[in-house]
Amino acid sequence: MSAAAVHSLWTTAADPISKIDAPKIEYGQLSPTLIVVGAALVGVLIEAFLPRKARYYAQVFVSVVALCAAFAAVVGLAADGYGTTKAHIAAMGAIAVDGPSLFLQGTILLAGLVGLFTFAERRLDPAAHGNRVDSFAAQAASVPGSDSEKAAVKAGFTTTEVFPLLLFAIAGMLVFPSANDLLTLFVALEVFSLPLYLLCALARRKRLMSQEAAVKYFLLGAFASAFTLFGIALLYGYAGSVSYARIAQVVDGTVTNVDPALANTMGNDALLLLGSALIVMGLLFKVGAVPFHMWTPDVYQGAPTPVTGFMAAATKVAAFGALLRLLYVVLPGMRWDWRPVMWAVAIITMLGGAIVAITQTDIKRLLAYSSIAHAGFILAGVIATSKDGVSSVLFYLAGYSFVTIGAFAVVTLVRDAGGEATHLSKWAGLGRRSPLVAAVFAVFLLAFAGIPLTSGFAGKFAVFKAAAAGGAAPLVVIGVISSAIAAFFYIRVIVLMFFSEPRPEGPTVAVPSPLTMVAIAAGVAVTLVLGVAPQYFLDLASQAGVFVR
Amino acid sequence: MENLIALLIAAPLLGAAVLLVGGRRLDAVGHWIGTLLSFVSFVIGVVLFADLLGKGAEHRTLTQHLFSWVPVAGFQADVTFRLDQLSMTFVLLITGVGSLIHLYSVGYMEHDERRRRFFGYLNLFLAAMLLLVLADNYLLLYVGWEGVGLASYLLIGFWQHKPSAATAAKKAFLVNRVGDMGLSIAIMLMFTTFGSFAFGPVLSHAGDASEGRLTAIGLMLLLATCGKSAQVPLQSWLGDAMEGPTPVSALIHAATMVTAGVYLIVRSGAVFNAAPDAQLAVTVVGAVTLLFGAIVGCAKDDIKKALAGSTMSQIGYMVLAAGLGPIGYVFAIMHLVTHGFFKAGLFLGAGSVMHGMNDEVDMRKYGGLRRYMPVTFVTFGLGYLAIIGFPGLSGFFSKDKIIEAAFAKGGTDGWILGGVALLGAAITAFYMTRVMLMTFFGEERWKNQPTRSPEAPSAEPAAEHQGEHAEPHPHESPKVMTIPMIVLAVGSVLGGGFFSIGDRFLHWLEPVTGYSEGHSPVGAWTVTGATMVCLIIGVGIAWAQYGRKPVPAVAPRGSLLTRAARRDLLQDDFNHVVLVRGGEHLTRSLVYVDHTLVDGVVNGTAAGFGGLSSRLRRVQNGFARSYAVSMFGGAALLVAATLLMRAV
């Protein structure tokens, strides 16, 4: 082989036709997610290398630091103007850094931090064999009721893996609302869903119920993911791209260069309608909208209560964020197609959640149906298709998530011999026995019911106002009717707590560590602050209410 | 100088706050604090009066703007005070008589454990009453109006351990609410008509509004007057209000608060001048009440209730005069002031008598007291002469003017009103002579007849109490009580003459209220002569009935009219049958509708949702496969609906 040939080989090999640019990643702007992911990986290493006794403290420390640092990063980005003037699409078009992203990431991080406190609570369950234990199974792999489980309990094992799992879930949730292409969206969906499936199975008490819940959640979640993935495929077929911006261009008919290989399918409206309906369905599954809500009560009831609280709050925030971005960035051009359908979904979600909740007898299931009704209320704001709609949804989510975590944290306190006493009849007369706990729970219930001076009222008012301004007045009327129905069962619990005779062998209220107290106090504080002086936060949400395209 | 106006109110308000908040540590000095602050207010009033006198008649209106109360676009309510000749007159009356009564109360309430609280309430009353007469807009006036209502309620029920006092307070409160509704509606009407409720815009533009509007406003103001001033048909509370301590009856339920209605009408003169129908209604109410109160006063054996009937009747005179328009405004106020003196004096006298008679109020158990309480006798007697209109004393001048003005209205109205006023004068002479004779003359019926103390419940070991109170020992009251009585007696004697000679009062008040002569079909001296004749007839009949014959210690059965008058001319029976029964029927039917119709709908809806809920709940069967089917169906519907939307 001659030197010339070698040379020509060199030159041919260096031919720039198939050159791939090194991806340009704005690490600084992605830092919130990266910090959380990094900490989760550190958590895995801790599990591998630290002695069992030290793991709990190390995990809690790492998690708290990571969440605080990530929140600080979000605040820093927002202060730099990435929420408004400098909003742009980072990471080669995969991630949007804009107002809604940062607002929702901040909300998720704070909710995650408060949720973490309830995860780390180790004073509620009586110590097993001298070891302080949390709400999670001693050893997830041991069969419920088996000897190996007893041995694990006796040895004082705890599943400290929940902390890295929580961080992975949070990382996925951070990406989910800021995902700017369909693949990132899907990856984020799975990243936060899989840890949640696991977490659901880890209850210390009533383990069979917990595992059943996890299996159901996993099966149905996988089912929904399949729909979503199918929708993504169809949309790719329609637009020839998974990028939000590109799809939006095709929807608007402003696309310039068409790949000849895709010319046949491109612009086929059937693909667009099918694909977007299926993706939206996947997101509606995550927010728990009727008729994709059926997992919610079973999973909320079976999962360990701290997980339920976190999941109910943060999943809803992330999923609504993704839904908003999809509908406002990708599909605004076809809003006359999706609005009527979403109307119908919102109506049956509001009414269905509220009506079925009336006859519930388990407090966790009651709150699950309540969360379904709330998903309906938030959908009303989504349907407004206006800037006010976005900001009102952001505000609602912020207020709602803290109320939810706080309410579930209170549920963890009311216990009897079998663990948490979740049957409503056991809550009778709680106000006589523990007036403070009952009063705090009453505040949360009033916030759920949307009584003035709570965040629930301000949020509901903002959402309904935006919906009415957006031409969805009938939706508002139905929303108010559903609120009235919902108020019945919230107030019924208050009546039960304060105006019924306590039962002789009723539950006791455990005295928690400062961790749960902080979680509950944060819930009350946010509820009252957003209720009494909502204007600052409404303004903040309003500033953050513009999507980057 | 106008900056002093707020201090007029601030002094008693401070007193009320200090006394009511201060608690028991002020028990020892509380009454003197209250009295002192009342006098401070009086002195400020005198200083302002001297200042006003030094100015020309057209510059005698001072205003003080304190702050903007409700500054909303198109709805401006300010806390502004107006001191003109009319409010000045009231300020002097309120603070002057009020201070004297504070002083009197120091003695009268000496043995009451809650004396500090009593003075706190009295000061609160003064502050509210001053706010009422000094306000420069109707809304602020309304605050004072409600304030005096509150103070009146608290003071009528001051002896709340007596169920009768508690009931009387509640009754006064409720009846007054009816009148207060009238005032609030009047204010709303003013706002919709004139876009303001300040005196300036309302009164200067009164002529521009339609007569219908003005009549409506006038009638609502009249309703307010009826409530506060105990005029027919809202008169029923005043008699029962005598359950309060006697100084309260003197100050609030004789001299000042009950005249607030007269102030309201005179202040709103411009509205009434342009609404003749409302004016006619005012005169009718005044004339009816004049006779009503007088007749009730004739039949009462309770000295305070007799005086209460008299108060009602005298305010009837004032309202009648105020209804006559510019002919009568000045004389309404003049009679108001002179009445303030002599009626306060009479009540204080009655209180002094009760003080000496173990709180006995039944005049049939008095008699011959003139020898035992000479000062009370003389001051009460002067008040008596003043109220019946004895020539030269206060009532002679002021009442005579009102009767003249009534005739001067002209036409049939004038004859009727004048005739009623004359008849009223005769009845006044009768019932006041009756009170005088039964109390101070005749045989001493209290001897050998132990009086029962109203404080002592009958179930208590009565013998012990009766041993203590076996026989009253009438005695003169202490100086702190007699001095105010003497001062008021002097005012009763000289006030009318001082005001009338040279028309001083007329010239003083005319710039505010306006004045016109009217066209009297009868001469002034004829009226005076007729009044004298009526007076002599009234006194004569009373003498024949109560002076010549001994007064029976137990009331005789009496004629039908007497019996009706003893029951306040059946006012409470009327209210019971018409209002209470009617109200009960109405509420019962409303409750029925609520139970069957409203609750039916509500409960039905709730049951419906509950049933729906239990049915829907069954869908949630716990099987993941059913859930998946639901999702699949939902997704299919979603897709189908989306496609359908496009197809449509």
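What is the area buried between chain A and chain B, and what percentage of it do carbon and sulfur atoms give? In this predicted model, the buried area is about 2700 Å², and carbon and sulfur atoms give 75% of it.

**View 1. The contact between chain A and chain B draws on residues from both chains.** Chain A supplies 36 residues and chain B supplies 25 residues. Between the two chains, 12 residue pairs are in polar contact, both members being at pLDDT 80 or more. On the side of chain A that touches chain B, the elements giving two or more residues are helices H8 (207-239), H10 (269-287), H11 (295-302), H13 (335-357) and H14 (363-383) of chain A. H10(A) gives the most to this side, with eight residues. By residue class, the side of chain A that touches chain B comprises 26 nonpolar, four polar and six charged residues.

**View 2. A salt bridge links A:Asp269 with B:Arg646.** The closest N and O atoms of this pair are 2.5 Å apart. Two salt bridges are counted between chain A and chain B.

**View 3. Three strands of chain A form an open, antiparallel sheet.** The strand order is S4-S3-S5. Strand S4 (419-420) and strand S5 (508-509) of chain A are the edge strands, each pairing on one side only. Strand S3 (residues 414-416) of chain A runs antiparallel to S4(A) and is joined to it by two bridges. A:Asp416 stands opposite A:Gly419, a residue of S4(A).

**View 4. Helix H15 (residues 387-413) of chain A lies across the sheet strands S3, S4 and S5 of chain A.** H15 of chain A runs at about 25° to S3(A).

Key
Residues numbered from 1 in each chain as written. Chains lettered and ligands numbered in written order. Predicted model: local features only at pLDDT ≥ 70, side-chain atom pairs only at ≥ 80, totals over all residues. Heavy atoms only, no water. Contact = heavy atoms within 4.5 Å. Buried area = accessible area lost by both parts, 1.4 Å probe. Salt bridge = Lys/Arg side-chain N within 4 Å of Asp/Glu carboxyl O. Polar contact = N/O pair within 3.5 Å; in protein donor to acceptor, adjacent residues only side chain to side chain. Helix = DSSP H or I, 4+ residues; strand = E, 2+ residues; numbered from the N terminus. Nonpolar A, V, L, I, M, F, W, Y, C, P; charged D, E, K, R; others polar. Pairing = 2+ DSSP bridges. Axes fitted to C-alpha atoms, helices over the stretch in contact; angles between N-to-C directions.
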